[in-house]
Amino acid sequence: MKAFTHARVIDGRGGYIPDGTVVVDGSTIVNVGAASGVEILEGTEIVDCGGRTLMPGLMDAHTHLETTASNNVINEVAQYNLPTRTMRSYWNALETIRAGITTVRDVADIGDCVIAVRNVINQKLLPGPRIIASGKAINQTGGHASMSTEYQWSRPDAGGSGHCVDGEAECRRAIRTEVAAGADLIKIYVTSGLYDPFLGKPRDEFSQKEIEALCEEAANSGKKVAAHCHTAKSAKYCIENGVASIEHGMMINEETLELMKAHGTFWVPTTIVYQLMADGAKYGLGSSTIENSRKALVNQEKMFRKALEMGIKIGIGTDCGGVLINHGETARELECLNRWGMTAMDCIRAATSANAELLGIDSITGSVETGKEADILIVDGDPLEDIRILQNQEKILVVMRGGEYYKDTFSGLR
């Protein structure tokens, strides 16, 4: 049993204890409170945090562990075979947890490699973060996940980014296939993207009937749906059919937000990736991608500020492993949203307890509370004063997942 004393406790739900104690027994938090009110049993190992911050491990709700940040996602995918991708997925998972991200939701696993990594971590054969994995995503012929006129990202012989399907029957079969493969959730591409070099500005892809079929089949299997979606039209169909989250949402409008509010739908804006794409000349991105991103960011910021006013549920995701954003850089998204009006406390809540709700694991983790798993960070500084401190890995002294240390550079701890 360990007692973390003299800690500035941020509980992940908006609560704050200036001088707190957190007691961990094995993998579980068994007591949390003000230092004066927590009994410490004889024989407990005392860890004096010296006024540092103790908070929940961060979560990233939009990752691609199988790939590494690049200005050419097609080439990044095409150059590695499936065994190599699996090993790279595991390496990226380790990079993620060392940065203080103890849970990730992986959305679009090109070759089911991330499902394999999730399995070996769950079986405790290898250490790593908690992974909620979608397996392959579902896209239409020539759609966003194809990424080229040759559909090379979706070719079966290339491992495939996802199921290239058309029509309601094929949509249902693809969902059933991913569920059988072990998917924790379903990822669908219902519009194109800002990066697509052959598609121009975002367009609607799956039809309303296809979206209905996808969502109904996922619900029949008890799986949540994450929808890559930029336009207000497709977002409407997705929200009305019960998707858990709208991913990106660069071209949504106030009607979209009203629907989100009514249905309890999460918005995962992943704005950091578009901030980088808007500045893409220095990274070698094409002019259409840069122009599309700059225009869309104006609308996204406007809608995000409105979403804050309306109390829309916000999740934190980065699209890391996609265009330009590296694994372990989740805290950069917190800085972006803080700059757009979200308080530091709410940024942390979005990246912890709110993300846990979105991922369906809020009964297990996401907050520093009695009965939750001990997914804990100790930070040398106060992220409520400056959220950017969470980007500095030297300031993240301790990373603990389920009571096990993944990082400990604070000599007073062990």
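In which sense do E17 and strand E18 pair, and over how many bridges? They pair in the antiparallel sense, over 4 bridges. Before I go on, please keep in mind that this is a predicted model.

Let me stay with that part of the sheet. Strand E18 covers residues 404-408, and strand E17 covers residues 396-401. The two form a hairpin with 2 residues between them. In the turn sits glycine 402, with a positive phi of about 60 degrees.

E17 also has a partner in strand E16, residues 376-379. That pairing is antiparallel as well, and 4 bridges join the two strands. As for cover, E17 is mostly covered, with 6 of its 6 residues buried.

Next, a pair of helices. Helix H7 is residues 254-263, and helix H9 is residues 287-310. They pack at an angle of about 35 degrees, and their axes are 10 Å apart. The crossing is right-handed. On the H7 side, the contact is made by Glu254, Leu257, Glu258 and Lys261. On the H9 side, the residues are Met303, Lys306, Ala307 and Met310. Sorted by class, that contact has 4 nonpolar and 4 charged residues, and no polar ones.

Last, two backbone angles. Most residues other than glycine have a negative phi. Which value does phi take at alanine 108? Alanine 108 has a positive phi of about 105 degrees, although it is not a glycine. You will find alanine 108 in the loop between strand E7, 101-106, and helix H3, 113-122. Is alanine 108 buried or exposed? Its relative accessibility is 5%, so alanine 108 counts as buried, the cut-off being under 20%.

The other case is histidine 248. Its phi is near 85 degrees, again a positive value in a residue other than glycine. Where is the place of histidine 248? This one is in a strand, E13, residues 245-251. With a relative accessible area of 2%, histidine 248 is buried.

To recap: E17 pairs with E16 and with E18, H7 crosses H9 in the right-handed sense, and a positive phi turns up at alanine 108 and at histidine 248.

How values were computed. Residues numbered from 1 in each chain as written. Predicted model: local features only at pLDDT ≥ 70, side-chain atom pairs only at ≥ 80, totals over all residues. Heavy atoms only, no water. Buried < 20%, exposed > 50% of the residue type's maximum accessible area, 1.4 Å probe, protein only. Pairing = 2+ DSSP bridges. Axes fitted to C-alpha atoms, helices over the stretch in contact; angles between N-to-C directions. Left-handed = near helix turned anticlockwise from the far one by under 90°. Contact = heavy atoms within 4.5 Å. Nonpolar A, V, L, I, M, F, W, Y, C, P; charged D, E, K, R; others polar.
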